[in-house]
Amino acid sequence: LKQAAILAYEQLKKNLAPHVYYPIPNTVGMWKHETRPTKFCLCVDDIGIQYHSQNDAEHLIGALQQYYNITIDWKGTAYCGMTLNWDYRNNFVEISMPGYISKLLK
């Protein structure tokens, strides 16, 4: 369906509204909680979460699990086909796509 993305977006809005998560105006795919500092970025079927406590993360996870089957990568090493190598000590993330060029050249 051509309108599948908008239907999924509207369904997500409806599902997360009782948990007070809402899309951030003037952004594409960015969401936040009304009172918690939690934010997340939704891209197709991947969600990257910025959270400040385990409780905040589990609040969003619990809300999502009520409606969707999800898998969790607590280390945040994969997002949208990219590999993320976090260096929190130096405030740095290395982003790579292993095998991408070799796949293109085949």
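The legends below accompany close-up views of a predicted model.

View 1. Taken along the principal axes, the C-alpha atoms fill a box of roughly 45 × 40 × 30 Å. Of the 106 residues, 17% count as buried, while the chain exposes about 8200 Å², of which carbon and sulfur atoms supply 56%. Among contacts between residues at least 6 apart in sequence, 24% join residues at least 24 apart.

**View 2. The largest pocket and its lining.** The largest pocket, with a volume of about 1300 Å³, is lined by 40 residues, and Asp46, Ile47, Gly48, Ile49 and Tyr79 are those that lie nearest its centre. Among the elements that give two or more residues to this lining are helix H1 (4-16), helix H2 (54-65) and strand E7 (92-96), but the largest share, 5 residues, comes from E4. By residue class, the lining divides into 29 nonpolar, 7 polar and 4 charged residues.

View 3. Leaving aside residues up to four places away in sequence, threonine 38 touches Tyr21, Trp31, Lys32, His33, Ile49, Gln50, Asp56 and Leu60. One of these contacts, Ile49, is also among the residues that lie nearest the centre of the largest pocket.

How values were computed: Residues numbered from 1 in each chain as written. Predicted model: local features only at pLDDT ≥ 70, side-chain atom pairs only at ≥ 80, totals over all residues. Heavy atoms only, no water. 1 Å grid on protein atoms, 1.4 Å probe; cavity = no way out; pocket = protein on both sides within 12 Å on 5 of 7 lines; lining within 4 Å. Points joined across faces, edges and corners; volume = space filled by probe spheres on them. Helix = DSSP H or I, 4+ residues; strand = E, 2+ residues; numbered from the N terminus. Nonpolar A, V, L, I, M, F, W, Y, C, P; charged D, E, K, R; others polar. Contact = heavy atoms within 4.5 Å. Buried < 20%, exposed > 50% of the residue type's maximum accessible area, 1.4 Å probe, protein only. Areas by Shrake-Rupley, 256 points an atom, 1.4 Å probe, with all protein chains shown as cover.
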